[in-house]
Amino acid sequence: MWASGVTQVYVPANAVDGNTSTYWESTDNAFPQWLAVDLGSAVSISKIVMKLPPLAVWWPRTQTLSISGSMDGSKYTPVVGLRGYTFNPATGNTAAVSLPPVTVRFVKLTFTANSGWPAGQLSELMTCRHL
């Protein structure tokens with residue numbers, strides 16, 4: 001995992017550590033910001049699940065982002081265009097994105113807005129393989 005920016009101890013690795021209580025947070029007031037992950041090998045994916053901490057202290061928010069994929073980690077192709085995803089603690093603070101099946105090794109989320117905080121935030125990023 002790596003990102004365009006980070007705030008304090010909220011590092012990119014938190015978004016794949018299996019703990020929804022930890023999270024990545026981008027540099028404040030500096031949109032756009034991005035977060036990227038290396039899946040380890042080229043895989044066909046058809047869904048991405050994004051989570052924020054499920055705590056009641058996190059009020060509902062909409063994060064606006066786009067999703068891109070890459071085979072080499074440097075040249076990214078759009079997979080899903082810019083749109084808002086709602087995260088609500090009442091429903092687990094989870095947003096799922098269905099994708100057209102795409103084979104990628106790297107996935108990049110580019111955040112352009114967050115209605116709840118002036119930075120991109122993500123607790124867990126999971127990809128679902130296309131079968």
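Contact here means heavy atoms within 4.5 Å. Keep that in mind as we walk through this predicted model, where local features need pLDDT of at least 70, side-chain atom pairs count only at pLDDT 80 or more, and totals for chains, interfaces and linings use all residues. Residues are numbered from 1 along each chain as its sequence is written, and side-chain values use heavy atoms, with hydrogens and water left out.

Let's start with Val6, which sits in the loop between β1 (2-3) and β2 (24-25); strands are DSSP runs of E, at least two residues, numbered from the N terminus. Leaving aside residues up to four places away in sequence, Val6 touches Val11, Pro12, Trp24, Glu25, Ser26 and Thr27. With Glu25, the separation is 19 residues in sequence and 5.6 Å in space, C-alpha to C-alpha. Val6 is partly exposed at 38% relative accessible area (buried is under 20%, exposed over 50%, partly exposed in between, with a 1.4 Å probe and protein chains only).

Ser68, in strand β4 (residues 61-70), is buried, with a relative accessible area of 13%. Its contacts, again not counting residues up to four places away in sequence, are Tyr76, Thr77, Pro78, Val79, Phe106, Val107 and Lys108.

Now for charge. A search of the whole structure finds 1 salt bridge, that is, a side-chain nitrogen of Lys or Arg within 4 Å of a carboxyl oxygen of Asp or Glu. Asp38 pairs with Arg105, their closest N and O atoms being 2.8 Å apart. Asp38 lies in strand β3 (residues 33-51) and Arg105 in strand β6 (residues 94-114), so the pair ties together parts 67 residues apart in sequence. Asp38 is partly exposed at 31% relative accessible area, and Arg105 is partly exposed at 28%.

Key
Helices (H or I, at least four residues) and strands (E, at least two) are DSSP runs, numbered from the N terminus.
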